[in-house]
Amino acid sequence: MLFGLDFSFTVRRSLGLAVTLFATLHCASALPEAPPLTCHAVPVGPGPEDMALDFSVGRTRLLVSTHDRRNWTPQGDIYAVDPETGAAQVLPRRGEPAGFEFRPHGMDIRRGPDAVRLYVIVHDKTPEGPWHGVAAYRVLPDALEYETTHTSELLSSPNDLAVAEDGSFYITNDQASRGSLFELMFRLKRANVLFFDGRGAWRIAAEELAFPNSVLIDGEHVFVSSTREDRLYRYRRAPDGSLSERETIAEFKGQDNIMRDGDWLYIPAHYSDLDFMRHKSDDAHPSPSVVFRVPRTGGGEARAIFVDSGEQISAVATAIVWQRRLILAPVFQSKLYSCEYAP
């Protein structure tokens, strides 16, 4: 999600200054063109920021991370959505410790030899709270069974994660100082990507990034979208989790979550910083949504496949291709959108 989950209370008090500075420093880009798509809404909980396809129950379903990102205090949910019918329901969570706080953000699913597990970034009781973790759940047909939570002092502002087959994962810290206006406005390269080895050890895998938003493992490579650099990076991944040989695969404004379908990566983009900030505060103010299709091999140009001024669908954070559908998750609304799409 662009600019993290939320601004701190200090940032909220300074919103007028922030809007003025963003308007001055980061003007909106002209929207690209794309063929119109026919879409229909699928109601879910507020703030469906991330999604994952689950094939473990004999049919395909979407698991959706939801949290009201305009109203931080209430906790969130994981929804199970049938992408064919649009039927959606909260997936109950079992076995969590007493007092466990569940405000989900980015997530990923791992299909292991013994079970399917969902890994979910969870945040503190307040937007600026210092605690963050990665909660791991066993995925059951009718519930999520809690197993553990991984935490580290290196988690400054986690946004997205990608889990490998062995249970290790990469996770993006979108800011070194959560809620920092200076990092956002001046595109400071202070953030990083962490690696967790699955056994308790954390380390920095990549650094000097300006708002690394999403991360995706693709064999011997790892993709990272850097929102404030407007770049999609590809790293070479070593067996020990180290990342090296960074190269730029695509450049376009405001990149958010990365999803793969075959030889293509699908990445939503936020084309107006100012409109996104206003939409975050006011649902009636539209924020443009653009989805790009990018060749995962790096050959060829990124191409816009969905464009909306925000009048119908605002601030899309995640786009998943399933059969002949493009499923969109707007970061602040209480619905997904399922669109007819022929790649």
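**Reading pockets, patches and salt bridges**

Analyst: The largest pocket here holds about 830 Å³ of space. Keep in mind as we go that this is a predicted model.

User: How do I read a pocket, and which residues lie nearest the centre of the largest one?

Analyst: The general idea first: rolling a probe the size of a water molecule over the atoms shows where empty space is left. In this case, the largest pocket has 33 lining residues, and D108, I109, R111, L216 and I217 are the ones nearest its centre.

User: Which strands supply at least two residues each to that lining?

Analyst: Strand 2 (48-54), strand 7 (104-111), strand 11 (158-163), strand 15 (212-218), strand 19 (259-261) and strand 23 (316-322) each do.

User: Now salt bridges. How many does a search of the whole structure find?

Analyst: Side chains of opposite charge can pair when their charged atoms come close. Here the search turns up 23 salt bridges. Take E101 and K125, whose closest N and O atoms are 4.0 Å apart. E101 sits in the loop between strand 6 (93-94) and strand 7, and K125 in the loop between strand 8 (116-123) and strand 9 (132-139), so the pair ties together parts that are 24 residues apart in sequence.

User: What about phi? Where does A315 lie?

Analyst: Most residues other than glycine have a negative phi. A315 has a positive one, near 55°. A315 lies in the loop between strand 22 (303-308) and strand 23, and is buried, with a relative accessible area of 0%. Q323 also has a positive phi, near 50°. Q323 is in the loop between strand 23 and strand 24 (325-330), and is exposed at 61% relative accessible area.

User: Last one: which residues form a nonpolar patch on the surface?

Analyst: F182, F186 and L188 do, with about 300 Å² of accessible area together. F182 is found in helix 3 (residues 181-185) and is exposed, with a relative accessible area of 54%.

Definitions and conventions: Residues numbered from 1 in each chain as written. Predicted model: local features only at pLDDT ≥ 70, side-chain atom pairs only at ≥ 80, totals over all residues. Heavy atoms only, no water. 1 Å grid on protein atoms, 1.4 Å probe; cavity = no way out; pocket = protein on both sides within 12 Å on 5 of 7 lines; lining within 4 Å. Points joined across faces, edges and corners; volume = space filled by probe spheres on them. Helix = DSSP H or I, 4+ residues; strand = E, 2+ residues; numbered from the N terminus. Patch = residues over 30% accessible without salt bridge, like charges linked within 9 Å, V, L, I, M, F, W, Y side chains within 5 Å. Areas by Shrake-Rupley, 256 points an atom, 1.4 Å probe, with all protein chains shown as cover. Salt bridge = Lys/Arg side-chain N within 4 Å of Asp/Glu carboxyl O. Buried < 20%, exposed > 50% of the residue type's maximum accessible area, 1.4 Å probe, protein only.
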